[in-house]
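Here is a friendly walk through one protein model. Please have the sequence and the 3D view open as you read.

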Amino acid sequence: MIKNPISLPTHLDEALVFFDSLPPVSLDFMWGEWEGAELTTGHPMDGLLGATGWYGKQFIDAETVHPLLFHNFTRTGTFKVNPALVPLSMYIPKWNILHVAINLIRPIVHANKPKARLRMLEYRGKVSATMIYDRKPIHDTFRKIDEDTLLGLMDFRGMEAPYFFLLRRK
């Protein structure tokens, strides 16, 4: 669980103001494994990542990014998931059974190769490290809360409002 000494926003408009106030990050700042947590803002996807057993992300270099790491059944390890095999509409249900489902279909959705890249892109007036999914119209833009914590903003075509999440360096 990610804990910060600062008060985090709980509504979309507050989250956008907070995101805009944070400094951008460089690509090399991103290297490593990051544990994720949701930032609840009233978005329709709130609760999805926890329900699926999402663990976080791994950034090896600009061309080698594993965008979806999930806990195994026992939460003693993780596995990589190919986001191209996960439907975008999956965010609608919020059942805890999703973690079991992700593990059951693990042989189908497992990814050995990286499924995203990092680039410096401008978003909301600042150039910052942005993860670009290989086969989904999704960009995750990152801003720095502190030396080990990032605020991520997921933006994908057709989604009315951005989805926020936190990453903590492992």
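What share of the contacts in the protein with a separation of 6 or more comes from residues 24 or more positions apart? Such residues account for 58% of them, where a contact means heavy atoms within 4.5 Å.

Before going further, a word on the source: this is a predicted model, in which local features need pLDDT of at least 70, side-chain atom pairs count only at pLDDT 80 or more, and totals for chains, interfaces and linings use all residues. Residues are numbered from 1 along each chain as its sequence is written, and side-chain values use heavy atoms, with hydrogens and water left out.

**Overall build**

The protein has 4 helices and 9 strands, arranged along the sequence as α-β-α-β-β-β-α-α-β-β-β-β-β. Helices (H or I, at least four residues) and strands (E, at least two) are DSSP runs, numbered from the N terminus. Of its 170 residues, 49% count as buried, that is, under 20% relative accessible area with a 1.4 Å probe, protein chains only. The protein exposes about 8500 Å², and carbon and sulfur atoms supply 56% of that area; the areas come from the Shrake-Rupley method with a 1.4 Å probe.

**Strand β1 and its partners**

Strand β1 covers residues 32-38 and pairs with β2 (residues 54-61) in the antiparallel sense over 4 bridges. β1 also pairs with β9 (residues 163-169), again antiparallel, over 5 bridges. Two strands pair if DSSP finds at least two bridges between them. To find these pairings in your viewer, look for E33, whose bridge partner in β2 is Q58, and for E38, which stands opposite F165 in β9.

**Arginine 143**

R143 sits in strand β7 (residues 138-146). The side chain of R143 does reach backbone oxygens, as the table shows.

| Side chain | Backbone oxygen | Distance |
|---|---|---|
| R143 | F19 | 3.0 Å |
| R143 | Y123 | 2.7 Å |

**Threonine 52**

T52 belongs to helix α2 (residues 48-52). Is T52 buried or exposed? T52 is buried, because its relative accessible area is 2%. T52 and F70 are 18 residues apart in sequence, and their C-alpha atoms are 7.7 Å apart in space.

Technical notes: Buried < 20%, exposed > 50% of the residue type's maximum accessible area, 1.4 Å probe, protein only. Polar contact = N/O pair within 3.5 Å; in protein donor to acceptor, adjacent residues only side chain to side chain.
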